[in-house]
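Please read this briefing alongside the sequence and the 3D structure.

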Protein chains: 4
Amino acid sequence: MSPELARIGHVALETPDLESSLSFFRDAVGLEEVERDGTTVYLRAVDEFDHHSLSLTEADRAGVDHVGWQTVNRESLSEFADQFEKRGVDVTWIEEGTERGQGEAIRFTTPTGHRFEFFAEMEKPEAPEERRSKLKNRAFSSVGSNPIAPRRIDHVQLWDPDATEFSQWLKDELDFQVQEYYDREDGSRWGTFLSACGNKIEAAVIDDEDETHPPALHHIAYKVDSADDLFDAAGAMRERGIPTDGIGQHSISRGKFLYTRDPESDHRIEFNAGGYLVFDPHWEPVAWQESDLEDRQWIGQIESKKRVEY
Amino acid sequence: MSPELARIGHVALETPDLESSLSFFRDAVGLEEVERDGTTVYLRAVDEFDHHSLSLTEADRAGVDHVGWQTVNRESLSEFADQFEKRGVDVTWIEEGTERGQGEAIRFTTPTGHRFEFFAEMEKPEAPEERRSKLKNRAFSSVGSNPIAPRRIDHVQLWDPDATEFSQWLKDELDFQVQEYYDREDGSRWGTFLSACGNKIEAAVIDDEDETHPPALHHIAYKVDSADDLFDAAGAMRERGIPTDGIGQHSISRGKFLYTRDPESDHRIEFNAGGYLVFDPHWEPVAWQESDLEDRQWIGQIESKKRVEY
Amino acid sequence: MSPELARIGHVALETPDLESSLSFFRDAVGLEEVERDGTTVYLRAVDEFDHHSLSLTEADRAGVDHVGWQTVNRESLSEFADQFEKRGVDVTWIEEGTERGQGEAIRFTTPTGHRFEFFAEMEKPEAPEERRSKLKNRAFSSVGSNPIAPRRIDHVQLWDPDATEFSQWLKDELDFQVQEYYDREDGSRWGTFLSACGNKIEAAVIDDEDETHPPALHHIAYKVDSADDLFDAAGAMRERGIPTDGIGQHSISRGKFLYTRDPESDHRIEFNAGGYLVFDPHWEPVAWQESDLEDRQWIGQIESKKRVEY
Amino acid sequence: MSPELARIGHVALETPDLESSLSFFRDAVGLEEVERDGTTVYLRAVDEFDHHSLSLTEADRAGVDHVGWQTVNRESLSEFADQFEKRGVDVTWIEEGTERGQGEAIRFTTPTGHRFEFFAEMEKPEAPEERRSKLKNRAFSSVGSNPIAPRRIDHVQLWDPDATEFSQWLKDELDFQVQEYYDREDGSRWGTFLSACGNKIEAAVIDDEDETHPPALHHIAYKVDSADDLFDAAGAMRERGIPTDGIGQHSISRGKFLYTRDPESDHRIEFNAGGYLVFDPHWEPVAWQESDLEDRQWIGQIESKKRVEY
């Protein structure tokens with residue numbers, strides 16, 4: 001039996017100014033600060049019981065330290081480590097608690113250069129009593145929360161000049177399921193939308209057309225409840241003078257979106273609403289051709305400005 | 001006592017292909033067809049009891065025949081006619097029923113060239129029995145309606161190279177109230193947002209920077225209930241292959257919007273949600289300077305595309 | 001020319017425990033505290049530029065001091081005073097500033113016993129700088145607001161054993177427009193839904209079937225943007241252990257509602273979303289018969305609990 | 001390795017009047033009719049690619065023929081059959097296509113009397129061309145759909161006087177995961193909320209306090225996108241004169257709901273919005289005590305009617 005991933009866990013970001021980025025992710029976006037450890041701050045969303053889904057570490061420049069994935073159990077973690085070593089992928093073991101709240105973990109670099117972490121266990125610290133919800137299925141009360149606070153981490157979008165190779169590796173070595181993909185008119189693949197948990201897109205892998213670019217993180221998506229929440233978030237960013245990058249709805253995934261960026265680090269958050277879930281054990285990847293989307297990559301896209309005379 | 005306007009009434013549009021435009025406004029947008037008279041079709045929205053808020057007439061080219069405004073009563077209509085003639089504005093009287101469902105009316109051209117119609121009375125034909133709502137405060141049942149059917153006409157946006165003169169005339173001669181305005185850095189006025197009813201913007205007058213342009217209609221806005229409705233409308237247009245021009249929220253008026261256009265005539269409809277109402281008898285126009293909006297004309301506006309490396 | 005009302009202004013409530021009621025109206029509901037004057041606190045909603053739409057005064061028991069209505073101008077205020085005196089209604093003049101932020105006013109008791117105040121002018125104090133919105137058409141920033149903060153006062157519901165007499169007086173003496181009414185099967189009137197501004201229901205007058213009751217205030221409605229907001233408000237009240245009285249949609253007015261009450265005083269707030277507006281100068285009151293609503297007074301009403309066996 | 005379930009599949013209902021019930025489930029609720037086979041009609045929701053999530057069969061009385069669950073693959077189906085026979089549960093094999101669109105299946109009665117069906121494979125018939133969506137991740141276009149059409153089957157609520165025994169059996173024999181449960185003050189269990197897929201509640205098992213009742217189906221829940229959709233559905237039922245049983249939000253599961261019933265058969269549909277998903281491999285069941293919910297079983301619940309005098 002093969003080792004198995006459970007889901008996306010967290011993203012570890014680097015920023016040149018910790019306090020400034022914290023004010024974006026905590027105060028503007030509405031993530032909850034869980035713990036500080038020197039120059040690293042751990043955050044989670046209001047519906048998350050686990051220790052963190054994001055960490056911020058002060059560094060020379062804005063960067064991505066790693067993307068973290070949870071295995072279904074401790075055995076799977078060891079089996080992945082063994083499997084990687086057989087394939088010549090260097091694995092570094094990280095002791096329990098090195099990344100706060102987290103059990104033993106492994107870190108490695110994928111063949112095309114993405115830095116990943118796998119872990120099996122994570123603590124579930126209770127919310128501070130005054131922030132705890134009477135709804136026992138919520139980690140935090142809505143009272144006292146930032147009104148636009150998103151619910152939970154949803155997915156990452158990763159850019160890679162070798163996107164096809166990277167996607168294939170995610171399928172072959174990590175057993176990611178392809179939920180959707182999009183092919184250009186020349187047959188080349190523009191994007192592959194993969195799932196570790198099997199129910200929703202967790203890694204959107206996009207072809208970076210500039211071959212000189214190293215692999216990169218385009219954005220981290222957090223889930224919100226409704227289209228209203230997207231407008232509320234856009235309005236709150238407007239009040240704070242923080243840039244936003246559009247409201248609309250992707251044709252791929254059907255997710256409604258608002259993008260916004262930490263002005264300090266340019267790390268981008270997507271507030272994501274809607275979309276669909278896969279529970280079908282025989283799901284066939286949704287195959288988009290360029291011609292399917294030539295009229296519109298996303299719904300609500302601006303096409304032109306015209307006027308009509310009397 | 002001066003003559004008084006009650007509200008925006010309707011817009012009379014011309015199109016080179018009546019059936020094609022009808023399929024946009026009735027089938028895609030979800031207005032109800034009320035009556036046909038030769039080459040003119042009259043439509044209204046599902047919350048409208050009055051005969052029509054839009055008419056489509058076949059013509060050589062796409063154009064705007066007139067924008068119709070309702071006076072508070074028949075006396076005001078006559079008084080406006082007298083007043084215009086005193087000012088040298090030519091007035092043409094239109095007999096009752098010439099425009100179907102409508103009482104006597106006057107037509108005239110404003111000094112900067114917009115064609116307006118004033119009327120006092122309009123019939124309120126009942127919806128066909130099978131389309132009538134059990135909610136007696138609705139004209140049409142939601143059952144059998146186009147799911148994205150907007151509620152009622154809200155406003156028009158008019159472009160004019162002499163926008164300042166036109167706005168001034170609307171205030172001086174028609175007693176429009178200024179609800180908001182926006183001045184460029186050089187002190188020139190980009191837009192004036194006026195109300196006939198006194199509660200909401202009904203005429204957005206925008207400076208057309210191309211001096212050679214005749215005055216024109218940029219769009220007609222119809223009201224919908226929620227942000228969800230904007231996404232639903234965008235999705236429905238996507239299904240039909242009809243162009244849309246963005247989802248977002250104006251800073252001015254705070255209206256959330258989706259724009260879409262009749263592919264045949266380029267006449268543009270705004271689906272508009274939210275915004276605010278004025279009930280204050282001492283409302284002071286909201287005065288925007290370019291510097292207030294330099295970061296963003298509208299909320300959700302796309303600013304850039306960036307990515308962060310590992 | 002008759003004196004004219006512009007709109008509902010405010011409600012002056014009494015409570016046995018000012019701090020406790022303030023914690024409901026300000027902290028739980030999300031109104032903004034504007035000013036304190038001894039044992040009276042003035043509040044307004046986040047979209048309100050005027051000084052207050054609610055005041056709370058400490059008193060022996062929970063009560064209603066008065067309901068305040070704004071006249072279109074200072075002349076109308078005097079004319080109303082003259083008119084009342086001619087009709088034998090005692091009028092008390094209140095000096096400017098006695099009720100903070102407010103110009104000269106008159107207070108009187110309607111023939112069936114409701115205590116009303118009319119005023120013409122109200123100050124528009126700016127929000128504190130840190131609470132001011134970048135959107136110049138909003139009084140307060142959404143950042144820092146209570147996430148469920150309603151927008152503006154909408155209407156009051158008044159109960160009266162002589163409801164028909166009271167409604168008639170509102171029409172005859174104050175020129176309120178009837179927007180809707182509801183008649184019981186025996187022909188008696190259960191409710192009349194009236195407007196001072198002419199655009200929306202501002203006074204719902206309900207027949208109190210207990211003849212021994214003095215006239216009373218059932219609730220004050222504040223406007224919110226969406227159905228989502230109703231659920232958010234209900235959830236926030238749940239977190240605070242504050243009672244709520246249902247979510248649903250009225251057939252009359254089509255307003256979506258959530259009711260909640262100050263646990264200290266039992267004063268009730270309706271969070272109200274949706275509904276419709278009247279701009280029609282020839283609006284005919286919507287006439288409901290009991291038979292129209294016998295299936296359902298409101299949408300979403302609970303009818304029964306049943307189950308089906310295998 | 002144990003056999004494994006993938007998810008809830010469908011519910012097979014019986015009704016005394018097929019056409020009448022069809023008009024509820026297809027025309028009023030908005031499910032799509034897929035196929036007819038004599039006195040059985042198969043339906044699915046607009047986001048469902050599989051053949052059906054509901055069937056209606058004409059019968060002497062309203063009843064539930066079975067609740068269908070999908071196994072992860074064909075092997076699991078056989079393994080379940082073997083396992084049941086070892087435990088003395090009678091298994092009936094159903095040939096491929098007997099239930100239209102479905103592969104081989106087994107039917108059996110659980111120890112407390114629920115009739116279940118397990119199947120591994122189901123056809124995915126394309127939507128008729130004119131109903132197909134341009135969004136390749138949707139089964140049906142939103143254009144032409146009933147505006148309130150729900151998305152996909154979500155869960156069933158099953159009542160049982162031996163609810164504890166039934167829940168235990170679901171855990172032990174079928175490996176259902178407990179997502180939440182609720183215990184009465186005397187320690188007895190009122191409800192257990194279980195998942196076959198592991199991500200969301202799919203079987204809510206409720207203690208029927210009347211010991212003489214056979215096990216029964218209380219409702220089938222279908223997912224909708226938003227709170228707005230609940231109000232739209234309630235309004236549409238109002239227009240059709242179809243009973244509804246409340247709008248609100250469960251504390252357990254956090255699902256927002258509207259209940260409505262087929263007037264012919266009393267089969268109940270829940271329109272369900274919101275809630276949360278479990279991706280955590282170490283999820284601990286949410287343990288509700290009666291004292292946690294004594295103030296409110298659901299949010300928006302009506303508590304009283306009070307009024308305050310002047």
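**Core, chain and interface**

Leaving aside neighbours within four places in sequence, Leu230(C) is in contact with Val224(C), Ile247(C), Lys256(C), Leu258(C), Phe271(C) and Ala273(C), where contact is defined as C-beta atoms, placed from the backbone, that lie within 7 Å. This is a predicted model, in which local features need pLDDT of at least 70 and side-chain atom pairs count only at pLDDT 80 or more, while totals for chains, interfaces and linings use all residues. Residues are numbered from 1 along each chain as its sequence is written, and chains are lettered from A and ligands numbered from 1 in the order in which they are written.

**Nonpolar cores**

- The largest nonpolar core has 169 residues, and Leu230(C) and Leu230(D) are those with the most contacts inside it.
- A second, separate core of 168 residues includes Leu56(A), Ala45(B), Ala273(B) and Ile299(B).
- A nonpolar core here is a set of buried Ala, Val, Leu, Ile, Met, Phe, Trp, Tyr and Cys residues joined through C-beta atoms within 7 Å.
- A residue is buried if 20 or more other C-beta atoms lie within 10 Å of its own, exposed if 12 or fewer, and partly exposed in between, with C-beta atoms placed from the backbone.
- In soluble globular proteins, nonpolar side chains tend to be buried together.

**Chain A**

- Chain A has 5 helices and 19 strands; these are DSSP runs numbered from the N terminus, with helices (H or I) of at least four residues and strands (E) of at least two.
- With a radius of gyration of 20 Å, close to the 19 Å that the globule rule gives for 310 residues, chain A is as compact as a globular protein of that length.
- That radius is taken over C-alpha atoms, and the globule rule is 2.2 Å times the number of residues to the power 0.38.
- Along the principal axes, the C-alpha atoms of chain A fill a box of roughly 75 × 50 × 40 Å.
- Of the 310 residues of chain A, 55% count as buried.
- Among contacts in chain A with a separation of 6 or more, 65% are between residues 24 or more positions apart.

**Chains B and D**

- 14 residues of chain D are in contact with 14 residues of chain B.
- The side of chain D that touches chain B has 3 nonpolar, 5 polar and 6 charged residues; Ala, Val, Leu, Ile, Met, Phe, Trp, Tyr, Cys and Pro count as nonpolar, Asp, Glu, Lys and Arg as charged, and the others, Gly among them, as polar.
- 100% of the interface residues of chain D are also interface residues in chain B, so the copies meet through the same surface.
- Chain D is superposed on chain B by a rotation of 180 degrees with 0.0 Å of shift along its axis (RMSD 0.0 Å), by least squares on the C-alpha atoms of residues with pLDDT of at least 70 in both.
- The two copies are thus related as by a two-fold rotation axis.
- In chain D, the C-alpha nearest the axis belongs to Pro147(D), 2.4 Å from it.

**Single residues**

- Glu290(A) is found in helix H5 (residues 290-293) of chain A and is partly exposed, with 15 other C-beta atoms within 10 Å.
- Not counting residues up to four places away in sequence, Glu290(A) touches Asp183(A), Arg184(A) and Glu185(A).
- Asp266(B) is found in the loop between strand S15 (255-261) and strand S16 (268-274) of chain B, and its phi is near 65 degrees, a positive value in a residue other than glycine.

Definitions and conventions: Two residues are in contact if their C-beta atoms, placed from the backbone, lie within 7 Å.
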